[in-house]
Amino acid sequence: MASLCLTPLPPPPPSQPRKLLEPNYSSSSSPSSSLNLKPIVVNGNPPTFVSAPGRRIVAVGDLHGDLDQARCALEMAGVLSSDGEDVWTGGETVLIQLGDILDRGDDEIAILSLLRSLDIQAKAEGGAVFQVNGNHETMNVEGDFRYVASGAFDECIDFLEYLDECTNDWEEAFVSWIGVSGRWKKERKMSQNYWGPLNLVKRQKGMIARSMLLRPGGPLASELAQHAVVLKVNDWVFCHGGLLPHHVAYGIERMNGEVSHWMRGLSESGDSPQIPFMATRGYDSVVWNRLFSRDVSDLEDYQIKQIHSILEETLQAVGATAMVVGHTPQTLGVNCKYNCSIWRIDVGMSSGVLNSRPEVLEVRDNKARIIRSRRDTYSEFQAIDYI
């Protein structure tokens with residue numbers, strides 16, 4: 001492997017506002033559906049409001065660095081090939097991942113790379129892949145590495161070395177990392193005796209590598225800055241923790257822009273940008289809020305009514321039918337509450353969390369269903385009836 005390059009890294013070029021995503025009319029798509037579907041229209045930078053007429057929508061919850069479970073969930077969702085080639089099979093589907101890809105697992109950059117690769121493939125077929133940032137993304141950009149797995153520090157070292165091999169071409173290195181990360185990981189494990197299990201130099205290199213990638217303005221932080229913290233697709237709103245009325249009053253596009261600027265290290269005054277408190281800090285911020293994910297069996301009737309009223313007020317303010325959140329593992333699996341106005345889809349699938357069987361949410365024509373494995377082998381899938 002090449003030696004770790006610790007010289008300052010150029011951030012990736014600023015992203016351009018997304019263009020309309022034209023449907024694909026290839027023979028692999030159904031001619032009738034392709035010709036009748038209007039283009040996907042994306043407003044906001046990062047994306048905030050998405051019109052995706054007639055599209056099937058699938059939502060996947062927290063992945064926390066577990067590439068195997070991520071692949072399984074995406075296969076269940078019908079958007080990833082099962083042959084290990086990481087090919088998009090979703091056609092014109094819109095895939096939404098609800099954040100917390102970072103921390104607790106070893107393959108964070110590989111998952112981010114996979115989703116970017118799938119987005120490129122999906123756009124060619126009239127589909128799209130969107131991500132929203134969760135609290136673990138914002139924590140890492142703040143420099144809070146408390147929940148970083150040792151293997152994730154190693155992946156940061158490996159990726160910086162690979163980026164050096166790619167002559168600091170961020171786009172090439174980032175998109176192709178999913179195809180080479182496994183080999184690099186295997187080679188690293190073969191040379192672990194060189195470092196020793198508790199080598200402080202290796203640990204320090206991992207911290208430096210991660211800081212370079214994820215500091216505000218760093219290349220990986222700038223990559224995350226392309227994603228929203230609140231995303232509205234058709235009549236559904238997606239966020240990691242939960243949206244509240246005062247968030248909507250403040251402006252969700254405004255919040256998305258502030259988080260993006262902070263992650264890019266941008267500031268109108270030239271100073272370091274302030275951390276966007278409303279979106280990323282505090283128990284009721286967008287990425288930390290657990291109000292709608294709490295177990296209702298622990299609540300009194302009046303509390304349930306209050307929460308339901310807040311949820312209805314939020315949805316009415318943002319013009320949405322329902323909200324989909326992650327953040328809080330649901331031990332009973334994906335579920336909905338409050339007349340199915342809220343869907344909770346974090347099942348703790350990562351081996352660093354609950355190692356539970358993956359489940360995904362599918363939305364068609366404003367109706368939702370849960371897709372989950374029928375057996376531990378994932379060889380058979382079942383879809384819960386539409387609700």
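**Basis.** I am working from a predicted model, in which local features need pLDDT of at least 70 and side-chain atom pairs count only at pLDDT 80 or more, while totals for chains, interfaces and linings use all residues. Residues are numbered from 1 along each chain as its sequence is written, and side-chain values use heavy atoms, with hydrogens and water left out.

**Whole chain.** I found 13 helices and 13 strands in the protein chain, where helices (H or I, at least four residues) and strands (E, at least two) are DSSP runs numbered from the N terminus. Of its 387 residues, 56% count as buried, meaning under 20% relative accessible area with a 1.4 Å probe and protein chains only, against over 50% for exposed and in between for partly exposed.

**Helices α2 and α3.** I looked up how α2 (residues 67–76) packs on α3 (residues 108–124), and noted an angle of about 25° with the axes 10 Å apart; axes are lines fitted to C-alpha atoms, for helices over the stretch in contact, and angles run from 0 to 180 degrees between N-to-C directions. That angle makes α2 roughly parallel to α3 (under 35 degrees; over 145 is roughly antiparallel, 65 to 115 roughly perpendicular and the rest oblique). I then listed the contact (heavy atoms within 4.5 Å): α2 contributes Leu-67, Ala-70, Arg-71 and Leu-74, and α3 contributes Ala-110, Ile-111, Leu-114, Leu-115 and Leu-118.

**The seven-stranded sheet.** I traced an open sheet of 7 strands with mixed pairing, in the order β1-β2-β6-β7-β8-β10-β9; two strands pair if DSSP finds at least two bridges between them. At the edges stand β1 (41–43) and β9 (335–337), each with a single partner strand, so one side of each has no neighbour in the sheet. The twist from one strand to the next averages 20°. Helix α13 (residues 301–318) lies across β6 (230–233), β7 (236–239), β8 (322–325) and β10, and runs at about 105° to β8.

**Strands β3 and β4.** I looked separately at β3 (residues 57–60), which pairs with β4 in the parallel sense over 4 bridges, with Ala-59 opposite Ile-96 of β4.
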